[in-house]
Each structure stands twice: as structure tokens, then as C-alpha cells.
Amino acid sequence: MARGRALPLTVLLLMAGSAMYSMTAPAFLTPSGMGRREALQMVGSAMAVTLGVQSALADAQGEPTVAFVKNLPRVMKLQDAVDKGDLKAVLRGEKDFKRLNTYWRNDPQAFKYMRDLSEELLDAAYEGKTDEVKKLYAKYVSKKEIVTMNSLPPPPAGKAVTLGSYAANKYQDDPAKSAKLPFFGGQQFDGDYSK
């Protein structure tokens with residue numbers, strides 16, 4: 001999503017740093033002048049800050065949520081394979097576990113915990129330890145975020161609702177109709193999806 005912009009940004013930063021270096025009067029430099037090493041360190045730190053902004057932008061665009069929404073159903077479908085002891089099916093879901101783990105990448109402790117747990121689960125499946133796989137899978141899907149997602153109410157019948165569209169307002173251009181919606185007009189939802 002926010003990838004592929006590193007090279008133009010780097011070139012722009014280098015050009016700006018070069019221009020500032022050449023325009024800076026000797027009075028503002030250290031007595032011996034700025035060496036190449038100091039200039040490169042300054043440019044390197046500016047690039048690190050700029051590239052950090054891109055990853056924050058990617059997170060703001062919903063990449064963790066997309067990883068969760070796409071891969072959680074695949075991991076949950078493995079419940080039948082785990083119950084039956086079909087360890088080959090569990091091993092085929094390795095990519096799904098790894099992709100789902102990226103949801104927690106901004107929380108290093110949670111990411112390490114989930115990554116290690118999924119690796120243990122896959123190692124146990126590779127070694128043929130069915131009981132261990134069942135125990136580790138149950139531990140994996142008991143993570144708070146997974147339990148919360150699985151306990152959401154079903155979407156309204158006949159409508160395509162995704163995690164990203166729960167707060168969407170189809171009447172955003174009509175304030176009168178928007179006010180009648182339960183989540184904009186202050187009304188409480190009564191639990192009836194047929195309306």
C-alpha cells in the first residue's frame with residue numbers, strides 16, 4: 001500500500017541535504033568544517049525518520065486489519081482438521097498462520113508470543129503430535145482479539161458487511177437520513193437486523 005516510494009524520497013532527501021550543505025555559511029559549521037561522515041550520518045538519520053513515516057502510513061491504511069480479516073477465517077477453518085488429527089492440512093495452513101501473525105507486528109511482545117506459538121504448533125504437527133497440536137491450537141485461538149472477532153454478531157441477512165464497512169454511512173450526503181441511523185442519530189440498536 002505505502003511501498004515503492006523510497007527511491008524518489010531518498011533522492012529528494014539527498015538533493016535537499018546537498019543544497020543545504022552547500023548554502024550553509026562556514027560561520028555556522030564547526031571550526032574544522034563538516035566532514036563527509038557527519039553529512040552522511042545526518043542524511044542517514046533523516047532517511048530513517050522518513051521511512052518510519054511510511055510504515056506508520058501503511059498501518060493507518062489498515063494493513064493489520066486486512067491481515068486479520070483475510071487470514072482469520074482460514075485459520076479458523078483448520079479447527080476441523082485439528083479435531084480430526086489431519087496434521088497435513090494443518091501444515092498446509094502455515095502461510096495463513098504467518099500472515100495472521102502480522103496483525104500483531106506493531107506490538108513486539110504480542111507478535112513474538114503469537115509467532116512462537118504458531119511455530120510450536122507447526123513443529124508439533126510436523127512431528128505428528130496430535131494432542132500437542134490440539135492444545136496449542138486451542139491456546140492460539142483463545143487470544144483476546146481472535147475471541148472478540150469470533151463473537152461478533154452475524155452480518156445482516158442479504159447484505160455484504162465487512163470489518164471495514166461496519167461504520168459506513170450510505171446516506172452521507174443526506175443529513176436527515178443519517179440522523180435516523182442508529183449509530184449516527186443516537187438511537188440504540190435493538191438487535192433486529194431485519195430493519
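This is a predicted model: local features need pLDDT of at least 70, side-chain atom pairs count only at pLDDT 80 or more; totals for chains, interfaces and linings use all residues.
Residues are numbered from 1 along each chain as its sequence is written, and side-chain values use heavy atoms, with hydrogens and water left out. The protein chain exposes about 13700 Å², of which carbon and sulfur atoms supply 60%; accessible areas come from the Shrake-Rupley method with a 1.4 Å probe, and for residues only the protein chains shown count as cover.

Nine helices and zero strands are assigned in the protein chain, giving the pattern α-α-α-α-α-α-α-α-α along the sequence. Helices (H or I, at least four residues) and strands (E, at least two) are DSSP runs numbered from the N terminus. Of the contacts (heavy atoms within 4.5 Å) with a separation of 6 or more, 62% are accounted for by residues 24 or more positions apart.

Helix α3 (residues 63–84) packs against α7 at an angle of about 155°, with the axes 10 Å apart. Axes are lines fitted to C-alpha atoms, for helices over the stretch in contact, and angles run from 0 to 180 degrees between N-to-C directions. The angle therefore makes α3 roughly antiparallel to α7, given that angles under 35 degrees count as roughly parallel, over 145 as roughly antiparallel, 65 to 115 as roughly perpendicular and the rest as oblique. The crossing of α3 and α7 is left-handed, a term applied if the near helix is turned anticlockwise from the far one by less than a right angle (right-handed if clockwise). Val 75, Met 76, Leu 78, Gln 79, Val 82 and Asp 83 of α3 meet Val 133, Lys 134, Tyr 137, Tyr 140 and Val 141 of α7. The residues of this contact comprise eight nonpolar, one polar and two charged, where Ala, Val, Leu, Ile, Met, Phe, Trp, Tyr, Cys and Pro count as nonpolar, Asp, Glu, Lys and Arg as charged, and the others, Gly among them, as polar.

Within helix α7, Lys 134 is partly exposed, with a relative accessible area of 33%. Not counting residues up to four places away in sequence, Lys 134 touches Val 82 and Asp 83. The C-alpha atoms of Lys 134 and Leu 121, 13 residues apart along the chain, are separated by 8.5 Å.

Helix α7 (residues 130–141) also contacts helix α6 (residues 108–127), their axes coming within 9 Å and crossing at roughly 160°. Helix α6 is therefore roughly antiparallel to α7, and passes α7 in a left-handed crossing. Among the residues making the contact are Tyr 113, Leu 117 and Leu 121 of α6 and Val 133, Leu 136 and Tyr 140 of α7. The residues of the α6–α7 contact divide into 10 nonpolar, one polar and three charged.

The axes of α3 and α5 come within 8 Å and cross at roughly 140°, which means that α3 is oblique to α5. Helix α3 passes α5 in a left-handed crossing. Residues in the contact include Phe 68, Asn 71, Arg 74 and Val 75 of α3 and Asp 96, Phe 97 and Leu 100 of α5; the contact residues divide into seven nonpolar, one polar and three charged. Asp 96, located in helix α5 (residues 94–101), is buried, with a relative accessible area of 14%. Not counting residues up to four places away in sequence, Asp 96 touches Asn 71, Arg 74 and Val 75.

How values were computed:
Buried means under 20% relative accessible area, exposed over 50%, partly exposed in between (1.4 Å probe, protein chains only).
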